[in-house]
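Thank you all for coming.

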Amino acid sequence: MPPGRHWTHQIAHECKIAGVPQPRHRENDNVTTPGHTAVVGLQWGDEGKGKVVDLLTADHDVIVRYNGGANAGHTVVIGDEKYALHLLPSGILSGGKICVIGNGVVIDPDTLLGEIEGIRSRGIEINAENLLISDRAHVVMPYHKEHDAALERVLSSAVEGSGPGLSIGTTRRGIGPTYADKVHRSFAIRMGELTDKEHLRERLKVICAIRSRELNALGVEAEPLDPDELAERYAGFGELLKPHITDTVYALHDMRRDGKSILFEGANACLLDIDHGTFPYVTSSNCSTLGIPAGTGLSAPFADEIVGIMKAYTTRVGAGPFPTEETGDTGDRIRKRGNEYGTTTGRPRRCGWLDLVAVRYSAMICGATSIACMLLDVLSGFDELKICSSYRLSDGTVTDRFIPDARGLLQAEPIWETLPGWTEEIDDTTDRSDLPTEALGYLERIEEIVGLPTYLVSVGPERTQTLEGTCRA
Ligand code: GDP
Ligand code: IMO
Ligand code: MG
């Protein structure tokens, strides 16, 4: 069956035939509409969420980002066109959809305006009706980015030559310091405040005085921050974004009540979740689905279907434990075939075999109802493939439970299962049943260990390089 606009409806239909109660549908005035869906990363990011959100957008009315900021980089390939989105929901690329940047997101207004212009210049309409920005989303200020970069510098030089370093390897987009200000409260600035220049100037007088001293203490030798200049510039951004800034919480509740179907676009991924990831090598938001209610104002049950996105192998950008990492030829080969370089920073991604202890844990935390297995094509040509389904710990015990803490996870040694590989390229496969037997065996083993059916299988970056899942319990 060729993937197309109604392809996901088709999958839904097949799931019903197979007796699997997903994806679920809501009855609204006798009209059956697709339910709400969440797309979330089950590894350390860059699983291909952008591609899946783009595919699922056709079946939804509203696409919502609920966490993170411009640390995210979601790539969508449509024919010959390639888009890299950081703050805008990927649904913006399909006409006629409402995109929402929820209150849980941290917004760098300069970056957002640049992204809006970039998308508009490619002929895509963005207006006050199709892009809503929460007045309560927090603003990433220039001093947040400087703080982020300065802290990383200080931390990496603190133990230079004597270990892996203490720096997190952040994207330096100011994410951590902005969320820290949110939690700290007094210095935080929210999007709604950008539209009142005098108010902003007053707030910035105090903030700049203190932030300048802090930056100096971190070794940043720069002129003190100028509250007047910052107030002018950021109120200017506020003016430009004003038509979009609104109370998205009420807007989302209204849309949900009116029967619109909502697609939640997770940014970052479960193993980077501030509470449930590999702390402290994580990002600063709840990027598992647990961030959805807080980051949108929509209470549970917020989604009928939760699609956990996973690569057919594992990657990670930045520092932190990665039990199945391959630092030699295998890692290089995966990086080369998968073009594993960061969408946001261009850094080479660390690569390794599939860690299913991690995926199963993330699926549990996120309440995933199915998985999407991405980049399967990258594994063509390996004689053998390795899967990790349990760890051996330093005291010799064996566990199939993940350890969501960097110090604990460092002692985990993967116990491997070896599966046969396949030689042929699979990127032009259009039917799952045409995949090599070994590739089907690999997918089946994943489903067995994770305990979830596949929603879809991806064999290339383009929309058309997508195969139907099993939706098998
Ligand atoms: P995200 O952050 O989860 O949205 O993922 P990224 O966009 O950062 O990284 C995924 C990369 O893989 C992008 O360059 C996609 O275009 C690409 N991609 C997605 N699915 C596939 C696939 O099945 N095969 C290949 N070869 N590339 C894919
Ligand atoms: P998407 O949405 C991959 C990682 C960074 C770093 C850590 C903290 O594209 O999957 P931060 O700048 O957030 O303070 O960095 O988190 N990180 C990501 N890695 N994909 C992402 O997003 C990421 N967002 C954050 O590399 O290790
Ligand atoms: Mg990415």
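Let me begin with a term: when I say contact, I mean heavy atoms within 4.5 Å. Please keep in mind that this is a predicted model, in which local features need pLDDT of at least 70 and side-chain atom pairs count only at pLDDT 80 or more, while totals for chains, interfaces and linings use all residues. Residues are numbered from 1 along each chain as its sequence is written, chains are lettered from A and ligands numbered from 1 in the order in which they are written, and side-chain values use heavy atoms, with hydrogens and water left out.

Helices (H or I, at least four residues) and strands (E, at least two) are DSSP runs, numbered from the N terminus. Buried stands for under 20% relative accessible area and exposed for over 50%, with partly exposed in between, using a 1.4 Å probe and protein chains only.

Let us turn to helix 8, residues 248–257, where Thr-248, Val-249, Ala-251, Leu-252 and Met-255 are buried. Because these residues cover an arc of only 160° around the axis, they lie on the same side of helix 8, the arc being that of the directions from the helix axis to the C-beta atoms. On the other side of helix 8, Tyr-250 and Arg-257 are exposed. What covers the buried residues? The cover of helix 8 includes strand 4 (62–65), strand 7 (98–101), strand 9 (131–134), strand 11 (245–246), strand 12 (262–265) and helix 9 (291–296).

At the start of helix 8, a side-chain oxygen of Asp-247 comes to within 3.0 Å of the backbone nitrogen of Val-249. After the helix comes Gly-259, with a positive phi near 90°.

Strand 12 also holds Glu-265, which is buried at a relative accessible area of 0%. Leaving aside neighbours within four places in sequence, Glu-265 is in contact with residues including Val-39, Ile-63, Arg-65, Tyr-66, His-74 and Ser-90. A polar atom of the Glu-265 side chain lies 2.7 Å from the backbone nitrogen of Ser-90.

Now to the rings. Rings of Phe, Tyr and Trp (its six-membered ring) pair if their centres lie within 6.5 Å, and planes under 30 degrees apart count as stacked, over 60 as edge-to-face and the rest as tilted. How many aromatic pairs does a search of the whole structure find? There are seven. Tyr-391 and Phe-402 form a tilted one, at 6.5 Å centre to centre with 50° between the planes. Since Tyr-391 lies in strand 18 (residues 384–392) and Phe-402 in the loop between strand 19 (398–399) and helix 12 (406–410), this pair ties together parts that are 11 residues apart in sequence. Both Tyr-391 and Phe-402 are buried, and together with Tyr-361 they form one aromatic cluster.

Finally, the cysteines. A disulfide is a pair of cysteine sulfur atoms within 2.5 Å, and a search of the whole structure finds zero of them. Cys-366 counts as buried at 2% relative accessibility, and Cys-373 counts as buried at 1%.

Note on methods:
A polar contact is a pair of N or O atoms within 3.5 Å; within protein, one must be able to donate a hydrogen and the other to accept it, and residues adjacent in sequence count only if both atoms are side-chain atoms.
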